[in-house]
Amino acid sequence: MRLLGKVAVVTGAAVGLGRAIATRYAQEGASVVAADTNVTEGEELVRDLSEQGHNAMFVEADVANDGAVRDLFAAAFARYKHIDVLCNNAAILLYDRDSEAHELSLDTWDNVMNVNLRGSFLCTKHAIPLMLNNGGGSIVYMGSPTGLYGCAPKLTAYSASKAGVMGLARVTAVAYAQKNIRVNAIVPGTMETPMNHSVLSDQESRDQLSRAVPLGRLGQPDDISGLAVFLASDESAYCTGGFYMCDGGLTAV
C-alpha cells in the first residue's frame, strides 16, 4: 500500500472528487481525515470506510473560516499525532450566479473566493506547521483549466479563484522545498460530479462538453484518484511545483 502509515486530510471529501480521493487514500493505507460542510454524506463516507476496515474520521469544517480550519487540524493532530498529506479539494462553482465581470455581484465574487482561494490558503497555513514538525509532507491542490486559460468567460469568479489557487501552489512549493514539503496541483477537466450537475443535466451542454474532450468523454472522480495518490506518496519525491493535467486532452488542443 502506497500510503501506509500516512495521515491525509482531504477537504470537500463528502462527494465528488474529494470522496473518490479520500476513499483511494484509505485503500492505499492512509488514515483519512475527511472534512466538509456536508455532514450527512461526510459521516456516511467515514462509516463506509470504517466498515471496510480503514481508519478514518469526519470533521465538519467550513474551509473559509479560520477558526474552523484551525479546529480541523487540531482534531486531526489530536487523534493521529501527525499530518503527512493535505488535499485541498474543497471548492464551489456557482453556474447560476457567476458571470462576466461587469455583471458579477460582489457577493458571488466573495463567496467563491472565500471557499476556493481563501479556503486553500487557510488549510495550507494550518497544515504546514504540523508538516514542518513532522519533517515534511505533501500538499495537493485542485486546479482547473479555467485558471490557466480564458476558456470560461462567464465564470469570472471561479476562473480567477483557480488561477489564484495555482499561483498559491507554485509559490508555496518554492517556499517550502528545502523543508521537504512538496506542493503540486492536479488540473481536472470537465468532471461528472455534483458540482457540475446543473450544467451536465442539460443534454445539449453535456454533449458539447464531451465533444470538446479528445478522449471523447467526461471525467469521472476515479480518473483523478490515482494521480492524487501518486502526488501524496513517496513515489513523487522529486515532484514539486507541478501542474498535472487530468482532462482527457482538453488543454492539449
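This is a predicted model: local features need pLDDT of at least 70, side-chain atom pairs count only at pLDDT 80 or more; totals for chains, interfaces and linings use all residues.

Visitor: Okay. How are two packed helices described?
Guide: By the angle between their axes and the distance between the axes.

Visitor: Then at what angle do α4 and α5 pack?
Guide: At about 15°, with the axes 8 Å apart. Helix α4 covers residues 106–134, and helix α5 covers residues 156–176.

Visitor: Parallel or antiparallel, roughly?
Guide: Roughly parallel, because angles under 35 degrees count that way.

Visitor: And is the crossing left-handed or right-handed?
Guide: The crossing of α4 and α5 is right-handed.

Visitor: Which residues meet there?
Guide: On the α4 side, they include W109, M113, L117, F121 and I128. On the α5 side, Y158, V165, L168 and Y176 are among them.

Visitor: How many are nonpolar, polar and charged?
Guide: The contact of α4 with α5 has 13 nonpolar residues, eight polar ones and no charged ones.

Visitor: What about α3 and α4? How do they cross?
Guide: Helix α3 is residues 66–80. The axes of α3 and α4 come within 10 Å and cross at roughly 35°. That crossing is right-handed.

Visitor: Who makes that contact?
Guide: From α3, it is D66, V69, R70, F73 and F77. From α4, it is R118, L122, C123, H126, A127 and L130.

Visitor: And the classes there?
Guide: Seven residues are nonpolar, one is polar and three are charged.

Visitor: New topic. How far does α1 reach?
Guide: Helix α1 is residues 16–27, twelve residues in total. From first C-alpha to last, α1 reaches 17 Å. That is close to the 16 Å expected at 1.5 Å a residue.

Visitor: Is α1 mostly covered or uncovered?
Guide: Mostly covered: ten of its twelve residues are buried. Among the buried residues of α1 are L17, R19, I21 and Y25.

Visitor: What comes just after α1?
Guide: G29, which takes a positive phi of about 105°.

Visitor: Last one. Where is R206?
Guide: R206 sits in helix α7, residues 203–211.

Visitor: What does R206 touch?
Guide: Leaving out residues up to four places away in sequence, R206 touches E192, V199, L200 and L218.

Visitor: And how far apart are R206 and M166?
Guide: They are 40 residues apart in sequence. In space, R206 and M166 are 26 Å apart, C-alpha to C-alpha.

Terms used: Residues are numbered from 1 along each chain as its sequence is written. Side-chain values use heavy atoms; hydrogens and water are left out. Axes are lines fitted to C-alpha atoms, for helices over the stretch in contact, and angles run from 0 to 180 degrees between N-to-C directions. Helices (H or I, at least four residues) and strands (E, at least two) are DSSP runs, numbered from the N terminus. Angles under 35 degrees count as roughly parallel, over 145 as roughly antiparallel, 65 to 115 as roughly perpendicular and the rest as oblique. A crossing is left-handed if the near helix is turned anticlockwise from the far one by less than a right angle, and right-handed if clockwise. Contact means heavy atoms within 4.5 Å. Ala, Val, Leu, Ile, Met, Phe, Trp, Tyr, Cys and Pro count as nonpolar, Asp, Glu, Lys and Arg as charged, and the others, Gly among them, as polar. The expected span of a helix is 1.5 Å times one less than its number of residues. Buried means under 20% relative accessible area, exposed over 50%, partly exposed in between (1.4 Å probe, protein chains only).
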